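Hello,

Here is the structure I promised to pass on. Please open it first, then read my notes below.

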Amino acid sequence: MPGQRPPHPGPYPYPHPYPGRPSLWQRFRDDEWPTLRELLGYMSGGRALLWVPFLCCVWPAVAVLVGYPIARLARRKARQVFPNDGRRFGDPDIARVQKARAWAAAVASLLILALYGTAEDWDQAQEQYLMRLALTPWLLLLSTPVVVLVLFRLSPPEARPVMRAGLRPAVRSVLWYFGVLTATPLLVWASVLAGDAVRGAVPGLVASLIGFAVLMAAVGTGLFLVFASGRAVRSAFNTTEVHPALPALLTGVLVWEMSAINLSAGGLPPGPPLVQVCALLGGPASVTAVAWWETRQLRLRHGVRVRGRVVG
């Protein structure tokens, strides 16, 4: 009929202008965590059985009602201090190559340990992993000024003022991270001292509450470190604001430093001599190759040069 709209031939050919609300899992993974009220609302109705563990024991309830808001606040602050996750240009090809290299290195390490390792080698591998977690932020802090200085010397004079301005967010993030790192053990110690100091002057319940409040502050700073450490290392303490290629350059330097530390602390990996040499040099060499390829992709796709500065 004239003026009548024809029936729609099939699915709407364009993306829906109003995407659906993200699921709870997507919010925990990518977005800001839901508030405690939203979380409790999710556990109502058909999901009321989720309350059973909390009714059986008081500590899980305390962990949710007190610990969850602290964890949410710590995660949000970590994402504010380190707003990007390592790279200024979110290139999916670079992310895929980095992830593939990381999985290949993990599989190769496990295969070498499974074929040639002893119980002592497995224990040593766990110790080296924990040592890397503890040393990486400090190595990064010591290596970054040297790499930045070399990059300043390589850059043209007209690019240096803009690069110098990009140092401010990096310095702020360093002060945040290591300030919280120092405050965490001090708060734990203060929670013990506070409980002992006020126990004789005030009732026991008040003393326990004071110690508990200080301890919760320590939990908050510790959770900030948990959420911020990965982002701090991947973004090299926000040095991407100084130069977009800095995280890749620092990764290439850091991996060789860590390899030398592992060699001095634990010796060669298990296996025949050829396997030992490949395991010792393969990891740092592959990370360096990926970092070099990343700088090349930045130059070809975004015009980023190591001897220059890209703005915008």
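Which residues are buried in H10? They are Leu246, Pro247, Ala248, Leu250, Gly252, Leu254, Val255, Met258, Ser259 and Asn262. Buried means under 20% relative accessible area, exposed over 50%, and partly exposed in between (1.4 Å probe, protein chains only). Helices (H or I, at least four residues) are DSSP runs, numbered from the N terminus.

First, the ground rules. This is a predicted model, in which local features need pLDDT of at least 70, side-chain atom pairs count only at pLDDT 80 or more, and totals for chains, interfaces and linings use all residues. Residues are numbered from 1 along each chain as its sequence is written, and side-chain values use heavy atoms, with hydrogens and water left out.

On confidence: pLDDT is the predictor's confidence in each residue, from 0 to 100. The chain averages 77, and 74% of the residues score at least 70. Residues 10-14 stay under 50. For that stretch the model has one contact beyond four places in sequence; contact means heavy atoms within 4.5 Å.

Back to H10. Its 21 residues should span 30 Å at 1.5 Å a residue, and the end C-alpha atoms are 30 Å apart, which agrees. The expected span is 1.5 Å times one less than the number of residues. Just after H10, glycine 267 has a positive phi of about 80°.

H10 (residues 246-266) pairs with H11 (residues 273-302): the axes come within 8 Å and cross at roughly 175°. Axes are lines fitted to C-alpha atoms, for helices over the stretch in contact, and angles run from 0 to 180 degrees between N-to-C directions. The two helices are therefore roughly antiparallel, a label for angles over 145 degrees. The contact residues include Val255 and Trp256 of H10 and Ala285 and Thr288 of H11. They divide into 11 nonpolar, five polar and one charged. Here Ala, Val, Leu, Ile, Met, Phe, Trp, Tyr, Cys and Pro count as nonpolar, Asp, Glu, Lys and Arg as charged, and the others, Gly among them, as polar.

Serine 259 of H10 counts as buried at 14% relative accessibility. Not counting residues up to four places away in sequence, serine 259 touches Leu280 and Pro284.

H11 also packs with H5 (residues 92-116), at about 175° with axes 10 Å apart. H5 and H11 are therefore roughly antiparallel too. Among the contact residues are Arg101 of H5 and Glu294 of H11. By class, this contact has nine nonpolar, four polar and four charged residues.

Best wishes

Definitions and conventions:
Angles under 35 degrees count as roughly parallel, over 145 as roughly antiparallel, 65 to 115 as roughly perpendicular and the rest as oblique.
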